[in-house]
Structures are given as C-alpha cells and as structure tokens.
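Hello,

Here is the structure for you to open. My notes follow below it.

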Amino acid sequence: MGTLLDVNDLSISFGGIKAVQNLNFHIDTGEVLALIGPNGSGKSTTVNMIAGIYIPDKGIIKYDGHVIPNKMDIANRAKLGIARTFQTPRPFANLTVYDNIYTIALLHNKYTEAKEITNDILKLTKLDNLRNTNSGKLSIEKRKWLDLARTMATRPKLIMMDEVMAGLNPAEMEASLDLIRAINKEGITVLFIEHVMKAVVSVCTRAIVLNQGKLLCEGEPREVLNNPDVVAAYLGGETDVAGN
Ligand SMILES: Nc1ncnc2c1ncn2[C@@H]1O[C@H](COP(=O)(O)OP(=O)(O)OP(=O)(O)O)[C@@H](O)[C@H]1O
C-alpha cells in the first residue's frame, strides 16, 4: 500500500479569511480517511482544491506519484480518477437512475462498455430496482446513492464524500455505510468528510481534524474524538463529538 494523495503546505484565502492554512496530510491507497472539524473549519474548501474547483494560493498536491498542476481543471482531474460527491446532490432530474449513470459512463467508454459499467454500478449500489425511476422522484438517501453511483461511473481511484450521512435516519445511515464499505472493497480510496461521528468511527481507519483552516490533529478516530483540543474546537457546535 502506497500513498495515493499527498497534500503539502496547501493554503487559500478569500479576502481576509484564511480558509485553509499550510495544510499537510496524506491518504494511503485503499484507506477510508475521515476529514472532520467544526463548521467553517475548511473541509469543503480543501476538497474543492483537490477536485480542481478552487486554485490554491500556495501548496502542492501530489496524486498517484505525480504533482497535479494547480490549474488543472475538474474534468482532467476526473480523468486521473479524482471524484467527489456534493452535500446536496444534483442528478439530472429529468433522467432515470439508469440514464444518470449511463450518461457519465458514456463520457469515457464505448456504448456497450458503458452499458456494462452502468449495470455493474446499479448492482453494487443496489439501485437496480430503481433503474427506470426518474431521479427527481428519489428519496434523499437514494439521491445520495445515485450521486455515489455517478462518481463510480468515472472509474475513480479516489472519491471525496462530502457529508453523505446528512439528513439520513439511523437505518438509512447503516445502509449507506454498507454501501461505502462495498465501494471501498472495490479498491477505491475514500476521503470521508462528515459531521456524524458514529459514521466516522464505524467506517474510517484514520481521521484528520481541521480547525480554523489548520490541521489540529490526526490519528485513530476514537482517539482523535477524545482529544481535549478536538472537544474544545467543537464546543458550542451542534456536533456530537463523542458519537452518542
Ligand atoms: N467561495 C468562498 N468565498 C468566500 N469565503 C469562502 C468561500 N468558500 C469558503 N469560504 C470560507 O472559508 C471558510 C471555510 O469554509 P468551508 O466551507 O471550507 O468549511 P467547512 O469545514 O466545509 O464547513 P461545513 O462543515 O459547515 O461545511 C469559511 O469561513 C467560509 O466562509
């Protein structure tokens, strides 16, 4: 197992706000790494820089052994295998579940191959029985699964999952965690941005914590959540740090 992603001295400011400052972390190939921290601590901004949505002011992102030019766009990063989901998924609402996935698969594959890929993803994500459903009619849970399915259609090596658990009930959360495990078993590395600490403890092997744009600490999820600095950073927030 080597390092898939290596982030060095990454920084970005918006006007006077130092959203991310001198951030260093890495993700091993095959790992499910949690990226946690209070609201506004810089998690989504970090993901946006890795995905190519924001251009960092400073820093180097190495992926699969190569430096990614900071100006490389989202589409070219997707071709390298970098994918992300969104806090609020936006599938093509007028297309069926099948066509939502197939449309993405077609971007990089011939018709028959795209069809096979789509059918495999439908099975993996357990969306097969909803293949003909218009995506605008899906529940929040299934919309999030479709978002994951669409990222799978780009054949990613790394998926950055932005708050997949938000808005789900406990049963939906368990089912979604099983799906994340199944995706990870396919050999896909996961960066798991999450406020639901039970989910973090359940699925992640390591966690890094941001606070005010800086790396606060990293380590095994339960240890990190008991770290007094992490508890203090979350105090006053809505998140249940202990995961109860
Ligand atoms: N495009 C932008 N323009 C101005 N400020 C921004 C922009 N994007 C992020 N920020 C600011 O950067 C800081 C970090 O925000 P970010 O969304 O990365 O935090 P977060 O940890 O993902 O928060 P949350 O858990 O609430 O999603 C915040 O102060 C935010 O207001």
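How do the residues of the shell around the ligand divide into nonpolar, polar and charged? This is a predicted model. The shell has three nonpolar residues, seven polar and one charged.

The ligand site first. Around the ligand sit Phe14, Ile17, Ala19, Gly37, Asn39, Gly40, Ser41, Gly42, Lys43, Ser44 and Thr45. Two or more of these residues come from each of strand S2 (17-28) and helix H1 (43-51). H1 gives the most, with three residues.

Next, the sheet. Four strands make up an open sheet, in the order S2-S1-S4-S5, with antiparallel pairing. S2 and strand S5 (66-67) are at the edges. Each has a single partner strand, so one side of each is left without a neighbour in the sheet. H1 packs on this sheet and touches strand S1 (3-14), S2 and S4. The direction of H1 makes about 65° with that of S2. Strand S4 (residues 58-63) pairs with S5 over two bridges, in the antiparallel sense. Lysine 62 is opposite valine 67 in S5.

Last, threonine 205. This residue lies in the loop between helix H7 (197-203) and strand S9 (206-211). Leaving aside residues up to four places away in sequence, threonine 205 touches Glu31 and Val32. Threonine 205 and valine 32 are 173 residues apart along the chain, yet their C-alpha atoms are separated by 6.1 Å.

Best wishes

Key:
Residues numbered from 1 in each chain as written. Predicted model: local features only at pLDDT ≥ 70, side-chain atom pairs only at ≥ 80, totals over all residues. Near = placed C-beta within 6 Å. Nonpolar A, V, L, I, M, F, W, Y, C, P; charged D, E, K, R; others polar. Contact = placed C-beta atoms within 7 Å. Pairing = 2+ DSSP bridges. Axes fitted to C-alpha atoms, helices over the stretch in contact; angles between N-to-C directions.
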